[in-house]
Structures are given as structure tokens and as C-alpha cells.
Amino acid sequence: CLGIHLEGPYLNPKPGYIGAHPAGFAIPATIESARRLIDAAQGWIRLWTIAPECDPACRTIRFLSEQGICVAAGHTDATHQDLQQAIDSGLR
């Protein structure tokens, strides 16, 4: 196994964006919840898909990127400004 691709839980819960994921499990991004998931995965997370609008200040995106995790945008209705801020914070 090369690593884990974690998709969520920081996804846009609105119909049309959440996809097949249960909307009730979509939550705002926080460093604390990200840290718990990283610990649970024992360092195996390599790619993490999030909706940038679920991390308005992009603190979690920056944190994940600093951990060496590739952060991708998905299940999102982000504005151009949201995406640019996320890219500036480490979104790839």
C-alpha cells in the first residue's frame, strides 16, 4: 500500500456536491479533527480531498500540506477567491 486517499469529511454537504457521501457526516475543517484522523491512520494518509469552502481561513489546508499530505479540492462549490486562497495555502 502506498498510502491512503481520504475523501472528506470536509466536503460541501449540499446536494450536487456531496456525491455519494452521507451529507450528515460532512463537517467544517479543523486542525484538531484533522490531527485525530492523521493519528488514526498512523501516518498513511498521502492524499486528502476537501472542499476549500469548508476551511474558510485555510488553516487546515496549510496544516495538512505541512504534514506532507497532498491536499486536493473536490465535492466543492468554492469561489475563485476560495480556490486561490486554498492554493496559496498548499492546495495542489
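How many cavities of 30 Å³ or more does the count come to? The count comes to one. The model examined here is predicted.

## The cavity

The largest cavity holds about 30 Å³ of space. Its lining consists of Pro52, Glu53, Asp55, Pro56, Cys58, Asp82 and Gln85. Sorted by class, three of the lining residues are nonpolar, one is polar and three are charged.

## Two packed helices

Two packed helices are described by the angle between their axes and the distance between the axes. Here the pair is helix 1, residues 31-40, and helix 2, residues 59-66. They pack at an angle of about 30 degrees. Their axes lie 9 Å apart. Angles under 35 degrees count as roughly parallel, so helix 1 and helix 2 are roughly parallel to each other. Their crossing is right-handed.

Which residues make the contact? Helix 1 supplies Ile31, Ala34, Arg35 and Ile38. Helix 2 supplies Arg59, Thr60, Phe63 and Leu64. By class, the residues of this contact are five nonpolar, one polar and two charged.

## Two backbone details

Most residues other than glycine have a negative phi, and most peptide bonds are trans.

Start with the loop between strand 1 (4-7) and helix 1, where proline 9 sits. The peptide bond that joins glycine 8 and proline 9 is cis. Its omega is about 10 degrees.

Then go to the loop between helix 1 and strand 2 (45-50), which contains glutamine 42. Is the phi of glutamine 42 positive or negative? The phi of glutamine 42 is positive, near 55 degrees, in a residue other than glycine.

Terms used: Residues numbered from 1 in each chain as written. Predicted model: local features only at pLDDT ≥ 70, side-chain atom pairs only at ≥ 80, totals over all residues. Heavy atoms only, no water. Axes fitted to C-alpha atoms, helices over the stretch in contact; angles between N-to-C directions. Helix = DSSP H or I, 4+ residues; strand = E, 2+ residues; numbered from the N terminus. Parallel < 35°, antiparallel > 145°, perpendicular 65-115°, else oblique. Left-handed = near helix turned anticlockwise from the far one by under 90°. Contact = heavy atoms within 4.5 Å. Nonpolar A, V, L, I, M, F, W, Y, C, P; charged D, E, K, R; others polar. 1 Å grid on protein atoms, 1.4 Å probe; cavity = no way out; pocket = protein on both sides within 12 Å on 5 of 7 lines; lining within 4 Å. Points joined across faces, edges and corners; volume = space filled by probe spheres on them.
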